[in-house]
Amino acid sequence: QVQLVESGGGLVQAGGSLRLSCVASGRSFAGYRMGWFRQAPGKEREFVTSISWITGITDYIDSVKGRFTISADNAKNTVYLQMNSLKLEDTAVYYCAARVPGSSEYHYWGQGTQVTVSS
């Protein structure tokens, strides 16, 4: 059974930092692409960033470039999201997801972790 378990969310002041973790289990994720998404209150879920387990190639939405960094530890089957210089608009539930090789859709999702940025 595939499981993605996020942790590391919390309450932080604007300008602060948080690091989210996503532990993947239940199968081999070789060749998968791992992503972070977020959903703010009243808004649709949006893609934030992703990384390839194999190549390490990453991509980001413009609003987080230079502030967020995604990384992966293959030995620990864990993906991280380091978030610096947090802004009020980063407040959201953050979800970890896994995309099957060759697919454009993310098939596996975690339960989410709340990130709240206060002024």
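The model is predicted, so local features are reported at pLDDT of at least 70 and side-chain atom pairs at pLDDT 80 or more, while totals for chains, interfaces and linings use all residues. Residues are numbered from 1 along each chain as its sequence is written, and side-chain values use heavy atoms, with hydrogens and water left out.

We may start with the overall fold. The chain holds 0 helices and 11 strands, where helices (H or I, at least four residues) and strands (E, at least two) are DSSP runs numbered from the N terminus. Along the sequence the pattern reads β-β-β-β-β-β-β-β-β-β-β. The radius of gyration is 13 Å, close to the 14 Å that the globule rule gives for 119 residues, so the chain is as compact as a globular protein of that length. Here the radius is taken over C-alpha atoms, and the rule is 2.2 Å times the number of residues to the power 0.38. The C-alpha trace spans about 40 × 25 × 25 Å along its principal axes.

Of the 119 residues, 43% count as buried; buried means under 20% relative accessible area, exposed over 50%, and partly exposed in between (1.4 Å probe, protein chains only). Among contacts with a separation of 6 or more, 54% come from residues 24 or more positions apart, a contact being heavy atoms within 4.5 Å. The accessible surface comes to about 6100 Å², and 47% of this area belongs to carbon and sulfur atoms. These areas come from the Shrake-Rupley method with a 1.4 Å probe; for residues, only the protein chains shown count as cover.

Charged groups come next. The chain has 11 positive and 9 negative charges, with mean positions 4 Å apart. Lys and Arg count as positive and Asp and Glu as negative, without His and the chain ends; each charge is placed at NZ of Lys, CZ of Arg, CG of Asp or CD of Glu. Side chains of opposite charge can pair when their charged atoms come close. In the whole structure, 5 salt bridges are found, each a side-chain nitrogen of Lys or Arg within 4 Å of a carboxyl oxygen of Asp or Glu.

One of them joins Asp59 to Arg33, with the closest N and O atoms 3.7 Å apart. This pair links distant parts of the chain, since Asp59 sits in strand 6 (residues 58–60) and Arg33 in strand 4 (residues 33–39), 26 residues apart. Asp59 is partly exposed at 33% relative accessibility, whereas Arg33 is buried at 15%. Another bridge connects Asp62 with Lys65 at 3.1 Å, N to O, and Asp62 is exposed at 63%.

A further bridge, between Arg67 and Asp90, has an N to O distance of 2.7 Å. Arg67 lies in the loop between strand 6 and strand 7 (68–73) and Asp90 in the loop between strand 8 (78–83) and strand 9 (92–99), so the pair ties together parts 23 residues apart in sequence. Arg67 is buried at 8% relative accessibility, and Asp90 is buried at 0%. Through shared partners, salt bridges join Arg38, Glu46, Arg67 and Asp90 into one network.

Two backbone details complete the account. Most residues other than glycine have a negative phi. Asn77, however, has a positive phi near 50 degrees; Asn77 lies in the loop between strand 7 and strand 8 and is partly exposed, at 26%. Ser85, not a glycine either, has a positive phi of about 50 degrees. Ser85 lies in the loop between strand 8 and strand 9 and is partly exposed at 41%.
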